[in-house]
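Welcome, and please open your viewer. We will go stop by stop, with something to select at each one.

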Amino acid sequence: MLTSLALLVVIVIDQLRTDELFRVKLNPAGIGKLINQGVFYDDAHHTQFFNMTCPGHVAISTGAEPGLHGIMLNDDWDPKSEKPVYCVEDDTHHWIQAAADEKDQNLGTSAKRILTTTLGDEVKMLWPNESKIFAFGFKDRSAIALGGHLADGAYWFAPKSNVWTTSDAYLKSNTLPKWVSEFNEKKYAVAKSLGRSYASSTQSVEDVTALAEAAFDNENLGLHKKPDILWVSYSAHDVVGHSEGDASPALEKILEAEDKSIARLIGKIQNKLQKKKFLVVLTGDHGAGINQALYPAIPGGKMKEHQIEEKLNECLTKEGIQSHHRKAAVQLHSGHFYLANDIKDKQNAQQKTKYCLQTEFEGIWNAYTREEILSGAIPTTSWLKNLISSYYPSRGADVISVFKPYWNSHDDVVVSHETSYDYDSWVPLALWWPGVIKKTIHRRTQVTSLAPTLARLLKTRRPSGAMADYLTEVLDESK
Ligand SMILES: [Zn+2]
């Protein structure tokens with residue numbers, strides 16, 4: 001029974017591919033509770049074409065596709081400056097008592113570039129003073145993508161300053177709440193001593209949890225007139241997955257820490273809220289590929305990012321396409337190519353770029369131009385079906401290359417994720433609440449169904465760009 005929910009907790013594990021859960025013994029009070037005792041969709045997939053952190057988190061909170069919410073990749077492209085823009089970049093805001101870290105730009109961050117509402121935004125519009133929304137993530141983009149535009153708080157770790165911080169987009173007072181300052185005082189030395197390895201440590205998992213717990217206590221989450229939301233995102237899984245691989249003992253150790261942390265968090269909430277109703281969700285922002293070094297006979301590979309750009313531009317020069325102020329085509333990342341502003345006949349240059357990508361690169365299955373994508377002139381194969389809905393017109397690339405399965409656009413990590421194939425899109429989707437009757441659903445399900453389903457449970461509007469069907473089993477079970 002889920003009428004009058006007091007608290008909704010949504011936990012996101014960065015780069016958690018569902019099959020990782022099938023090979024380990026899960027804590028029956030933690031992840032095991034959510035997967036084995038709740039409503040578990042074991043074939044849930046992200047539907048953005050480019051699977052990575054920023055669009056993945058945005059899909060969870062908004063239920064929308066990149067073609068509407070605007071976050072196609074971890075970076076966008078600014079056509080005027082011809083430079084990348086970080087997905088949550090916002091130079092009208094700054095981090096509080098900490099230095100912004102992304103790409104050494106001393107810029108602030110906010111949800112400004114996310115162009116649809118999150119579930120929390122809809123809650124705050126309805127009940128601005130009767131409900132609280134808090135989001136926590138190790139990465140700023142994770143916390144911001146979940147918290148959205150109107151969260152009461154979104155907090156993340158500032159690696160340059162070794163403290164947890166937020167943006168003045170969320171905290172107008174410019175002073176961290178006492179419970180955050182106290183947390184920083186307690187944790188600063190540990191974070192500093194771990195340095196760069198903090199991001200890949202079990203300590204960071206524990207600390208994200210501890211900060212979420214501090215918010216739960218100090219902000220009285222679950223005790224307001226209307227439902228509160230607590231979003232929690234763990235990033236160490238992604239960092240270790242990239243560096244050690246998807247089937248490594250190091251990654252299992254991180255999963256164990258997440259499991260333990262989640263058990264602690266659920267236990268604490270249950271203890272305090274007693275008979276009040278709460279619901280816990282577990283999902284991931286994207287899956288991951290494989291460690292190709294282990295399987296040399298398996299088709300797949302890694303391209304060298306800078307060589308793609310070089311080779312492509314050599315080919316374009318041969319085809320008579322040139323720019324007077326920079327390379328004719330620049331790759332933002334993950335096969336997104338932007339042509340220089342001074343190229344006059346864009347359509348011709350796009351066709352030539354497509355031709356060069358098709359003919360020069362072993363890892364590229366095919367390439368599509370902006371015009372082809374926007375006019376729907378691409379094949380209707382199942383593996384291309386999300387390309388059109390993932391393309392935001394004013395931010396999209398001139399040409400997008402589609403990789404072959406188990407191929408990546410870069411070779412600087414052991415395992416990566418960026419494609420639309422099942423290994424990159426497959427994440428767990430589990431919902432547990434006290435009294436739920438366990439059920440495993442094998443139907444292929446979209447992660448974008450989560451936000452509208454939660455909106456229905458909370459009796460709010462859907463987020464503004466959420467188009468997917470409800471998770472009917474959850475609504476039926478929770479009558
Ligand atoms: Zn990643």
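Domain bounds here come from an automatic or database domain assignment. That assignment gives domain 1 (5-291 + 419-477) and domain 2 (301-408), so colour those two ranges to begin. This is a predicted model: local features need pLDDT of at least 70, side-chain atom pairs count only at pLDDT 80 or more, and totals for chains, interfaces and linings use all residues. Residues are numbered from 1 along each chain as its sequence is written.

**Stop 1: the whole chain**

Zoom out to see the protein chain, whose C-alpha atoms fill a box of roughly 70 × 45 × 45 Å along the principal axes. Switch to cartoon view for its 15 helices and 18 strands; helices (H or I, at least four residues) and strands (E, at least two) are DSSP runs, numbered from the N terminus.

**Stop 2: where the domains meet**

The C-alpha centres of the two domains lie 31 Å apart. Two residues are in contact if their C-beta atoms, placed from the backbone, lie within 7 Å; by that test, 20 residues of domain 1 touch 22 residues of domain 2. Select α3 (66-69) and β3 (75-78), which each supply at least two residues of the side of domain 1 that touches domain 2. The largest share of that side, three residues, comes from β3.

**Stop 3: the nonpolar core**

A residue is buried if 20 or more other C-beta atoms lie within 10 Å of its own, exposed if 12 or fewer, and partly exposed in between, with C-beta atoms placed from the backbone. A nonpolar core is a set of buried Ala, Val, Leu, Ile, Met, Phe, Trp, Tyr and Cys residues joined through C-beta atoms within 7 Å. The largest one has 140 residues, and Val-9, Ile-11, Phe-136, Leu-230 and Val-280 have the most contacts inside it. Domain 1 and domain 2 both give residues to this core, so it lies between them.

Which residues is Val-280 in contact with, leaving aside its neighbours within four places in sequence? Show Val-9, Ile-11, Leu-34, Ile-266, Trp-432 and Trp-433.

**Stop 4: helix α6**

Now select residues 178-194, the 17 residues of α6. Centre the view on Lys-187, where α6 has a kink of about 50 degrees; the bend at a residue is the angle between axes fitted to the seven residues ending there and the seven starting there. Lys-187 is also among the buried residues of α6, with Val-180, Phe-183, Asn-184 and Ala-191. Finish at Gly-195, which follows α6 and has a positive phi, near 55 degrees.

Terms used. The expected span of a helix is 1.5 Å times one less than its number of residues.
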